[in-house]
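Reader: I would like to go through the labels given to this structure and hear what each one rests on. Please set each value against its cut-off.

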Amino acid sequence: MSLIYQLKGILSINEIKATLKGINEKTVEEAFDLEQFYSAYLGIVDQNVDRFKEDVSERVKEVSQVIGEDTKDSKLIHNTLLIASLSHISTLYKNAAEKLVREMEED
């Protein structure tokens, strides 16, 4: 459920179906170790959380460097640029995920 919940935040129902189709088929047809697959997913999730924390910290530093000296509006400008940066990165990752789904559908 956790995996599907995460996919649901980015992908459409049809894209989720296409993404999980191969795993579902392997589970039904073969002795596919779904538990091992899910454990691998959870390990990747943990790594992603660590990378995310580091990345956000870097983004905060980068935005601070871009805006330079403190002004009366620096917090507003900083937060707005940080939100824009994080949103942009999110869109890039979403586009990459959607591209992978399309490639899976073609195969």
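Predicted model: local features only at pLDDT ≥ 70, side-chain atom pairs only at ≥ 80, totals over all residues.

Reader: What makes the span of helix α4 close to the expected one?

Author: Helix α4 covers residues 74–106, 33 residues in total. From its first C-alpha to its last it reaches 48 Å, and the expectation at 1.5 Å a residue is also 48 Å. The expected span is 1.5 Å times one less than the number of residues, so the two values can be set side by side.

Reader: Which residues of α4 are buried, and what covers them?

Author: The buried residues of α4 are Ser 74, His 78, Leu 82, Ile 89, Glu 98 and Val 101. Their cover includes α2 (13–29) and α3 (34–67).

Reader: Why is Leu 82 called buried?

Author: Buried means under 20% relative accessible area. Leu 82, a residue of helix α4, has 12% relative accessibility and therefore counts as buried. Apart from residues up to four places away in sequence, Leu 82 touches Arg 59, Val 60 and Val 63. Leu 7, by contrast, is 24 Å from Leu 82, C-alpha to C-alpha, and 75 residues away in sequence.

Reader: Why is Thr 19 called buried?

Author: The cut-off is again 20%. Thr 19 is at 18% relative accessibility, so Thr 19 counts as buried. Thr 19 belongs to helix α2. Not counting residues up to four places away in sequence, Thr 19 touches Leu 11, Val 101 and Met 104.

Reader: What makes Asp 55 and Gly 43 partly exposed?

Author: Partly exposed is the range between the buried limit of 20% and the exposed limit of 50%. Asp 55, in helix α3, has 26% relative accessibility and therefore counts as partly exposed. Gly 43 also lies in helix α3, and its 32% relative accessibility makes Gly 43 partly exposed. Gly 43 and Asn 79 are 36 residues apart along the chain, and their C-alpha atoms are separated by 31 Å.

Reader: Why is Asp 107 called exposed?

Author: Exposed means over 50%. Asp 107 has 83% relative accessibility, so Asp 107 counts as exposed. Asp 107 sits in the segment after α4. Its C-alpha is separated by 44 Å from that of Val 66, a residue 41 places away along the chain.

Reader: Why are α3 and α4 called oblique?

Author: α3 and α4 pack at an angle of about 135°, and their axes are 9 Å apart. That angle makes α3 oblique to α4, because roughly perpendicular ends at 115 degrees and roughly antiparallel needs over 145. The crossing of these two helices, α3 and α4, is right-handed.

Reader: Which residues of α3 and α4 meet?

Author: On the α3 side they are Asp 55, Val 56, Arg 59, Val 60, Val 63, Ser 64 and Ile 67. On the α4 side they are Ser 74, Ile 77, His 78, Leu 81, Leu 82, Ser 85, Leu 86 and Ile 89.

Reader: How do you know that α2 and α4 are oblique to each other?

Author: Their packing angle is about 60°, with the axes 9 Å apart. Roughly parallel is under 35 degrees and roughly perpendicular starts at 65, so α2 and α4 are oblique to each other. In this pair, α2 passes α4 in a left-handed crossing. Asn 14, Glu 15, Ala 18 and Thr 19 of α2 meet Glu 98, Val 101, Met 104 and Glu 105 of α4.

Reader: Which residues form the largest nonpolar core, and what makes them a core?

Author: The largest nonpolar core has eight residues: Leu 3, Leu 7, Leu 11, Ile 16, Ala 18, Leu 20, Tyr 41 and Val 101. Of the helices, α1 (2–8) and α2 each supply at least two residues of this core, and α2 gives the most, with three. The set counts as a core because its members are buried residues of the listed nonpolar types, joined through side-chain atoms within 4.5 Å. Leu 20, one of the eight, is in contact with Leu 3, Ile 4 and Leu 7, leaving aside its neighbours within four places in sequence.

Notes. Residues numbered from 1 in each chain as written. Heavy atoms only, no water. Helix = DSSP H or I, 4+ residues; strand = E, 2+ residues; numbered from the N terminus. Buried < 20%, exposed > 50% of the residue type's maximum accessible area, 1.4 Å probe, protein only. Contact = heavy atoms within 4.5 Å. Axes fitted to C-alpha atoms, helices over the stretch in contact; angles between N-to-C directions. Left-handed = near helix turned anticlockwise from the far one by under 90°.
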